[in-house]
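I opened the notebook to look up a few features of this structure.

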Amino acid sequence: MGSWQHAGHMLRSLRENRGWEVPKLAAELKAKATAIGQAVPDRQSLVRMIYEWEAGTHRPRAYYMLFILVYATGEELATRTVKRGSELYRLMAALKAMGVPVNRRQFLLNAAALAGGIAGLPTVAANLEGQERLVWVLKHPRSVDLPTASYLHAQAFDLMKHYEAAASPTSLLPQVAERLEQITLLREQAPLGRVQQELCRVETQSATLLGRLTWDVSGQQDHATAARYYDQAIAAANNVKEGWAEAFPRMFQRFLPVYTGGGNPQNGLYLAEQATARAADGSSHVVAGWSAAFAAEAHALLGEERKARLLLERADAHLSKVTADDPMFAVFSREQLGGFVGACSLRVHDPTGAEAALQDSARRLGAGKEKHKAVILADLSTALVLQDDPEQACAVLHQVIDLVELTGNAAGKRRAFAAGRQLTRWRNEPFVQDVQDRLLALAS
């Protein structure tokens, strides 16, 4: 007990040398606990416990790591070493007096360094936020923490929403490429645990987006580069427990075999079903619904109408359950599902059913979904052509071209040309010639 009392005096000396009252130390311990996800009692209870520790009547066994995070410098945490004469050196002396052996003390230091988070950041970065904090952390990558990872997540999410809306893929490509490079660097340096997990989630989203962008910018021709980014996204997703993370890149990976060479829709179906299976854990109803819709389209491409319909029903069920805490909230919504219903109807030769679904979906889509609207309207134009209504089809196709010119969307462009090719029978009509002239300009 005498050693405990001596250790308690050392703890009190550390606190007093910082000019802290007991409530201040309690607040610091609680802040570090919050940063690494450790549960602690309320502040009043911590205050009482600190008095007991400093009196030597109890040892702070469950709180050793928090004390280390309070008193260690960023350099000591980064190098897992104790600088002679430092506050951490004196804290370790107090732990020694409590009977904590040297190997246990080193283990506690390593564990604190791995827990990291905000607690591991040197003071110079503690007051920085947003982009300024990111710039500093990129210069000291081993100091990456949860606030930095959260900022990167918000930025990646904004880029995804811009891509889904009207942003040109050519303008977004360098931004997303730079962001992914930063995320990869920090993920490689991140401590194990929550920080690395969050960075893996962000890497999955960003690498998937970059795969889609490179494919778009190449006119959906550069399959190899897109595949490489999808593989990176899937590798990062392997470190995340939620199924949506792996399902997300696999949804878009499905397009590559379909549009490579002569096309392999069967392989595309296999990848779509993999995505659906991984998303089935309920970790994201957005991704589960979206992947089921892609799988439905893959079945329809092979003429399997019944399976397509069942998957569309499953997609609708998932999307009806979406809440604001979904990790992919607002990236894809129930209003867009009609586009998949229409595409599937076209694949199984039901242009009338396709027209109804596509008209309804186009009406529902508001601002921020311009790229999806381009694809939906292009399919609507095809549905109208197949019902021998070329004039209305051309009117809709003009809207598609407007949207493609605005967004640079390769999928909308591809489907606009597909609709245009259906107009050959009416090529001498002035309204067809007008739209064909615009399509020719779009191709150049």
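My entries follow, topic by topic.

**Model.** I am working from a predicted model.

I looked up the largest pocket first. I read its volume as about 400 Å³. I then asked which residues of the lining are closest to its centre. They are Leu346, Arg347, Asp379, Arg415 and Ala418, out of 16 residues that line the largest pocket. Next I asked which helices each supply at least two residues of that lining. I found α15 (255–259), α17 (285–301), α19 (337–347), α21 (370–386) and α23 (410–421). I also sorted the lining by class. The lining of the largest pocket has eight nonpolar residues, six charged and two polar.

**Helix α13.** I turned to α13, residues 223–237. I noted 15 residues and a reach of 21 Å from the first C-alpha to the last. That is close to the 21 Å expected at 1.5 Å a residue. I checked which of its residues are buried. In α13 the buried residues are His223, Thr225, Ala226, Tyr229, Tyr230, Ala233, Ile234, Ala236 and Ala237. I then traced what they pack against. The buried residues of α13 pack against α11 (169–189), α12 (194–217), α14 (243–253) and α15.

**Cysteines.** How many disulfides does the structure hold? I found zero. Cys200 is buried, at a relative accessible area of 1%. Cys344 is buried too, at 2%. I count both as buried because each value is under 20%.

How values were computed
Residues are numbered from 1 along each chain as its sequence is written. This is a predicted model: local features need pLDDT of at least 70, side-chain atom pairs count only at pLDDT 80 or more; totals for chains, interfaces and linings use all residues. Side-chain values use heavy atoms; hydrogens and water are left out. On a 1 Å grid over the protein atoms alone, a cavity is a set of points where a 1.4 Å probe fits but cannot get out, and a pocket is an open set with protein on both sides within 12 Å along at least five of seven lines; lining residues have an atom within 4 Å of a point. Grid points are joined across faces, edges and corners, and a volume is the space filled by probe spheres set on the points. Helices (H or I, at least four residues) and strands (E, at least two) are DSSP runs, numbered from the N terminus. Ala, Val, Leu, Ile, Met, Phe, Trp, Tyr, Cys and Pro count as nonpolar, Asp, Glu, Lys and Arg as charged, and the others, Gly among them, as polar. The expected span of a helix is 1.5 Å times one less than its number of residues. Buried means under 20% relative accessible area, exposed over 50%, partly exposed in between (1.4 Å probe, protein chains only). Contact means heavy atoms within 4.5 Å. A disulfide is a pair of cysteine sulfur atoms within 2.5 Å.
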